[in-house]
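Please read them with the model open.

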Amino acid sequence: MKIVLDHLTKRFSNRTKGLDDIIAVNDFNFEIPDGKLVGLLGPSGCGKSTTLNLISGLEKATSGKIWFGDDDVTDLPPENRGVGLVFQSYALYPHLTARQNIMFPLQNLKGKDKLTKEQMNEKVLEAAHLVQIERYLDSKPSQMSGGQQQRVAIARALVKLPRVLLLDEPLSNLDARLRLATREEIRRIQQETKLTTVFVTHDQEEAMSISDMIVVMKDGIMQQIGRPQDVYDHPVNLFVAKFLGNPPINVFDGKIENGAIVIGNERILEIEGPQDQEVYVGIRPEGFIMDPEGTFHVHKKQLEILGRDTSIVATHPDMISESIRIIVTLDTRDDPGETVGFRLKPGKVEIFAKDTEENIEFSVKESL
Ligand SMILES: Nc1ncnc2c1ncn2[C@@H]1O[C@H](COP(=O)(O)OP(=O)(O)OP(=O)(O)O)[C@@H](O)[C@H]1O
Ligand SMILES: [Mg+2]
């Protein structure tokens with residue numbers, strides 16, 4: 001079931017008198033394709049939960065429409081939309097067992113949808129099997145780990161076979177290891193059920209690792225939508241570039257001058273296209289190749305060895321980021337001295353306009 005957001009807007013009047021309305025979702029106009037897992041990503045307060053609540057019907061749109069396939073669901077109450085919801089707090093009934101919790105949504109079905117006890121049991125077993133918690137069906141929430149409780153919550157969202165599955169930061173209450181395992185689980189369940197799924201997180205790595213598509217948001221405005229790798233490789237603006245990637249992109253004050261990207265007094269990359277102007281230069285941490293004859297030099301502060309990766313932590317007079325992080329391979333990390341020279345991988349360098357912070361396209365000049 002594809003979801004279409006059609007000029008969708010949500011305004012909240014400000015709780016503080018005299019202040020302007022908050023536009024939590026500002027003219028969202030995009031499609032979530034059928035059967036895909038889409039990650040909504042952005043900093044706190046950017047409107048992720050509001051977007052999800054508009055899709056589920058918990059919030060009413062100020063203007064615009066929401067379509068599930070060919071159905072206009074804009075004015076439908078949540079219970080008639082066919083959505084499964086999972087929140088950060090598992091919100092299980094503490095006095096009920098896992099089985100009773102999962103069965104709960106089925107007990108309210110009325111009329112022709114009403115199920116027999118046996119049919120309900122069967123559906124509960126199917127859902128429990130999907131999230132692999134059959135063993136805990138007779139346990140109460142207090143007897144289960146956070147990850148197990150979250151799976152019960154997912155089973156409860158799935159048991160009515162929703163048209164759309166909506167997850168709002170479902171992993172935030174889990175520790176690092178369980179987060180990792182549970183996000184893989186969510187991906188597996190989504191791929192098995194082929195349910196159109198919207199997954200909210202402010203963790204860019206989480207969104208990138210399990211989503212078919214990500215939507216990056218800021219202040220209620222959709223910044224970019226696309227496949228995670230495409231958004232990472234071609235960020236439309238400095239905000240998106242900085243939001244994706246860990247360690248983050250390194251940002252410098254620079255300029256375009258006589259066919260080159262210039263930082264300080266170094267021509268770091270010969271390019272074609274943009275006119276001379278001041279720009280922000282972004283270089284991904286993996287975009288550096290150590291080379292004493294290289295075009296770009298930084299001042300080494302220290303090495304950071306984190307298991308598989310080694311980063312050179314460095315400074316540069318024109319850096320805007322607090323420090324520079326450069327990922328290097330093991331064999332190149334040995335004492336490169338105080339000043340380290342690099343060649344740059346052109347695909348890992350981005351430039352942004354000083355005023356709009358929008359990405360400026362360029363092509364790399366072929367060396368003769
Ligand atoms: N019921 C409400 N009344 C007034 N303002 C609200 C209401 N709900 C949300 N907002 C405001 O709308 C904006 C978006 O909130 P939302 O909860 O969607 O953000 P979010 O991206 O989910 O943030 P977080 O990552 O912290 O959960 C915020 O500025 C918030 O203060
Ligand atoms: Mg939220």
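1. Start with Lys194. Lys194 is exposed, with a relative accessible area of 59%. Exposed means over 50% relative accessible area, buried means under 20%, and partly exposed lies in between (1.4 Å probe, protein chains only). Lys194 is not a glycine, yet its phi is positive, about 55°. The residue sits in the loop between H5 and strand E8 (196-201). Helices (H or I, at least four residues) and strands (E, at least two) are DSSP runs, numbered from the N terminus.

2. A word on the basis. This is a predicted model, in which local features need pLDDT of at least 70 and side-chain atom pairs count only at pLDDT 80 or more, while totals for chains, interfaces and linings use all residues. Residues are numbered from 1 along each chain as its sequence is written, chains are lettered from A and ligands numbered from 1 in the order in which they are written, and side-chain values use heavy atoms, with hydrogens and water left out.

3. Asn258 also deserves a look. Its phi is positive, about 45°, although Asn258 is not a glycine. Asn258 lies in the loop between E11 and strand E12 (260-263). At 56% relative accessibility, Asn258 counts as exposed.

4. Check one peptide bond. The bond from Asn246 to Pro247 is cis, with omega near -5°. Pro247 is in the loop between helix H8 (238-243) and E11.

5. Now the overall picture. The protein has 8 helices and 22 strands. Its C-alpha trace spans about 75 × 45 × 45 Å along the principal axes. Of the 368 residues, 48% are buried. Take the contacts between residues at least 6 apart in sequence: 66% of them join residues at least 24 apart. Contact means heavy atoms within 4.5 Å.

6. Helix H1 (residues 48-56) is largely enclosed by the rest of the structure, because 8 of its 9 residues are buried. Those buried residues are Lys48, Thr50, Thr51, Leu52, Asn53, Leu54, Ile55 and Ser56. Gly57 follows H1, and its phi is positive, near 95°.

7. How do H2 and H4 pack? The axes of helix H2 (residues 98-107) and H4 come within 7 Å and cross at roughly 30°. Axes are lines fitted to C-alpha atoms, for helices over the stretch in contact, and angles run from 0 to 180 degrees between N-to-C directions. H2 and H4 are therefore roughly parallel to each other. The cut-offs: under 35 degrees is roughly parallel, over 145 roughly antiparallel, 65 to 115 roughly perpendicular, and the rest oblique. The crossing of H2 and H4 is right-handed. A crossing is right-handed if the near helix is turned clockwise from the far one by less than a right angle, and left-handed if anticlockwise. Ala98, Asn101, Ile102 and Pro105 of H2 make the contact with Val152, Ala155 and Arg156 of H4. By class, that contact of H2 with H4 has 5 nonpolar, 1 polar and 1 charged residues. Ala, Val, Leu, Ile, Met, Phe, Trp, Tyr, Cys and Pro count as nonpolar, Asp, Glu, Lys and Arg as charged, and the others, Gly among them, as polar.

8. H4 has another partner. Helix H4 (residues 146-158) packs on helix H5 (residues 176-193) at about 20°, with the axes 10 Å apart. H4 and H5 are therefore roughly parallel to each other. Their crossing is right-handed. Gly146, Gly147, Arg151, Ile154 and Leu158 of H4 meet Leu178, Thr182, Glu185, Ile186 and Ile189 of H5. The contact of H4 with H5 divides into 5 nonpolar, 3 polar and 2 charged residues.

9. Next, the rings. The structure holds 6 aromatic pairs. Phe252 and Phe296 form an edge-to-face pair, 5.3 Å centre to centre with 90° between the planes. Phe252 lies in strand E11 (residues 250-256) and Phe296 in strand E16 (residues 296-306), so the pair ties together parts that are 44 residues apart in sequence. Rings of Phe, Tyr and Trp (its six-membered ring) pair if their centres lie within 6.5 Å; planes under 30 degrees apart are stacked, over 60 edge-to-face, and the rest tilted. Both Phe252 and Phe296 are buried. Phe252, Phe288, Phe296 and Phe342 form one aromatic cluster.

10. Last, Ile360. Ile360 is in strand E21 (residues 359-360). Ile360 is buried, with a relative accessible area of 15%. Not counting residues up to four places away in sequence, Ile360 touches Pro274, Gln277, Val279, Ile351, Phe352 and Ala353.
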